[in-house]
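The sequence and the structure come first.

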Amino acid sequence: MTTTLRNLARGIGLAALMIGAAGTALADPQHGIAMYGEPALPADFTSMPYANPDAPTGGRIVTAEVGSFDSLNPYVLKGSVPWQLRFLIGESLMVRSLDEPFTEYGQLAETIETGPNREWVEFKLRPEAAFSDGSPVTTEDVIWSFETLGTQGNGRYRGFWEKVEKIEETAPGTVRLTFNAVDRELVMLAGLRPILKKGQWEGVDFAEGGLDLIPITTGPYVIDDFEAGRFLSLKRNPDYWGRDVVPAEKGLHNLDEIRIEFFADETAAFEAFKTGEINSNREFNVARWDSQYDFPAVQSGDVVKSVLPHGRPSGMTGFVMNSRKPQFDDWRVRDAMIQAFNFEFINEAMTGGAQPRITSYWSNSPLAMDDGPATGRVAELLEPFKADLIPGTLEGYALPVADGTERNRAGTAAALAMMEQAGWTVQDGVMKNAEGQPFAFDILLESGASENQSIIDMYVESLNRIGVTPTVTAIDSAQYKERTDALDFDMTYGRVAVSLSPGNEQYLYWGSEGADIPGTRNLMGVKSPAIDALIGTLLTTEAPEDFVASVKALDRVLTAGRYYIPIYQWNISRLAHAKELKYPDMIPVYGDWNGWQPDVWWWEE
């Protein structure tokens, strides 16, 4: 069996384990907790199975990012922050395993305990836990962090805080959160909230971003140097408190420096990799991987090409239509936009046809919607909303498949037919409504994303064939974030990652309540009672079969809603890197996900 098949089988097996046993209450303090079932690792485990506990320390990893940054506070909405920063400098009470669907082990917390129905959770702090300035982590810091992030922090933290009835110190070094809602995932989310130093923020507006005040955290790396929009360098803290204390940290955070260089576009970033300025590069285009990674450093063996499997769901990547805008509030128009998108031709042009298309939000996993009509428990969950569901949700929906030719006659005809159903026809070569108003919209892109630009160029040509000529606006990263946060776009590139254990984050992605809040992850603007109810079911049910059915049903509602134009998925990761950069043989089920690189990597001459 190949590594890829072994990894996929392990992912499916872990998902089956997750859905085959309800989570149990922790009657006594424990070393870890699982959303469903029990943690895979015993209380006396010494390291994560995907880490090398004997890894040496030293060396550096240098990666490239297209864009810029103007803030180093990853915990607030304001400002453009390097996305990796909160994973590199921050820590939480618990840490998530990358090799289990949703299991956490103690990090800042030594133990975790919950009520019989998970109506409360209690954490006991490790006495050794300390911030990077050497000061100890206290219950006061923990309580302040929960309160401040929940009221002034990034929107990702606020939904959780609304479900907290109270937070209190119940004993020296022990904090308890009591919840006001029935939601079995809350105890898990509590373990993953970052903990910050209260004293640093006295008399300071926490919600402000910027570069002047860098958060003091407990993590293994601290910011060493930076130049706004140019580079960010983090160094391994030699006094990091957790390296020999926390079993889950053993063999992690081995590199002395993590450096991120910023470039105006993908071409400049790739050239920097070829010349050695960058020593690790993630490649998303298989055609470029096959044709352009033959430069001298690869030929000499100084740069190694690694192909890494994973067992996580595809998530959704593509071009999202803002259904708040009148152009896209009709599902028939959104369907026409998907019909006009000539994926097979674009995929051949971009990747040589080598990368499969995303077929649903949970494709590439056991939680994906089934082909054909909804049946069994999935149909039962959808039945109360039958009258309001978009066609295809119950009956079955699949993305159109073109013949691969540039003209895509069948797709063009289908797009024209759907636009006509929605009240739009081609008049004098232009798509117009009955009042003679042209169908117009703007596609917003981030400057430097050359692959997205190439895809959109081909898409615009296809749209021209149905009398639609959209404008394409490319702006810098700061402006792009500002406009997408303000929901000021018609269509843009979007990416939503999902897991084998979906939970409260689903409200952030597509819940009704926060759909119009600036900074929402619900870029498509969907407001669906069915979606809200299905998220509620997957959060509260103790029946494994209902959990699976609710995710499959959710996948149907989202996919048949035609909010995204999906592009290709990445069921493997392609990394080219300096030969001295090493990683363990065992690849976790979540594979190359946040925290795997650079956390488990090391430098070896």
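Is aspartate 256 buried, partly exposed or exposed? The model is a predicted one. In it, aspartate 256 has a relative accessible area of 34% and is therefore partly exposed.

**Loop residues**

Aspartate 256 sits in the loop that joins β10 (231–236) to β11 (257–263). Its C-alpha atom is 6.7 Å from that of threonine 57, although 199 residues separate the two along the chain. Beyond its neighbours within four places in sequence, aspartate 256 touches Thr57, Gly58 and Gly59, and also Tyr221, Leu234, Lys235 and Arg236.

Arginine 407 belongs to the loop between α11 (376–382) and α12. Its relative accessible area is 47%, so arginine 407 is partly exposed. With neighbours within four places in sequence set aside, arginine 407 has contacts with Thr412 and Arg465. The C-alpha atoms of arginine 407 and glutamate 461 lie 9.4 Å apart, and the two residues are 54 positions apart in sequence.

Asparagine 322 lies in the loop between β14 (316–321) and α9. Asparagine 322 counts as buried because its relative accessibility is 0%, and the cut-off for buried is under 20%. Which partners does the side chain of asparagine 322 have? One is the side chain of arginine 324, in a polar contact of 2.8 Å. Another is the backbone oxygen of phenylalanine 489, 2.9 Å from a polar atom of the asparagine 322 side chain.

**Helix pairs**

Two packed helices are described by the angle between their axes and the distance between the axes.

| Pair | Axis distance | Angle | Crossing |
|---|---|---|---|
| α9 (331–340) and α12 (409–421) | within 8 Å | roughly 170° | left-handed |
| α10 (343–351) and α13 (450–464) | 10 Å | about 145° | right-handed |
| α16 (529–540) and α17 (544–560) | within 8 Å | roughly 155° | left-handed |

Helices α9 and α12 are therefore roughly antiparallel to each other. On the α9 side the contact is formed by Trp331, Arg332, Val333, Asp335, Ala336, Met337, Gln339 and Ala340, and on the α12 side by Gly411, Ala414, Ala415, Met418, Met419 and Gln421. Of these contact residues, 9 are nonpolar, 3 polar and 2 charged.

For α10 and α13, the contact pairs Phe345, Ile346, Ala349 and Met350 of α10 with Glu451, Ser454, Ile455 and Met458 of α13. This contact comprises 6 nonpolar residues, 1 polar and 1 charged.

Helices α16 and α17 are also described as roughly antiparallel. Ile531, Leu534, Ile535, Thr537 and Leu538 of α16 face Asp546, Phe547, Ser550, Val551, Ala553, Leu554, Val557 and Leu558 of α17 in the contact. Sorted by class, the residues here are 10 nonpolar, 2 polar and 1 charged.

Technical notes. Residues are numbered from 1 along each chain as its sequence is written. This is a predicted model: local features need pLDDT of at least 70, side-chain atom pairs count only at pLDDT 80 or more; totals for chains, interfaces and linings use all residues. Side-chain values use heavy atoms; hydrogens and water are left out. Axes are lines fitted to C-alpha atoms, for helices over the stretch in contact, and angles run from 0 to 180 degrees between N-to-C directions. Helices (H or I, at least four residues) and strands (E, at least two) are DSSP runs, numbered from the N terminus. Angles under 35 degrees count as roughly parallel, over 145 as roughly antiparallel, 65 to 115 as roughly perpendicular and the rest as oblique. A crossing is left-handed if the near helix is turned anticlockwise from the far one by less than a right angle, and right-handed if clockwise. Contact means heavy atoms within 4.5 Å. Ala, Val, Leu, Ile, Met, Phe, Trp, Tyr, Cys and Pro count as nonpolar, Asp, Glu, Lys and Arg as charged, and the others, Gly among them, as polar. Buried means under 20% relative accessible area, exposed over 50%, partly exposed in between (1.4 Å probe, protein chains only). A polar contact is a pair of N or O atoms within 3.5 Å; within protein, one must be able to donate a hydrogen and the other to accept it, and residues adjacent in sequence count only if both atoms are side-chain atoms.
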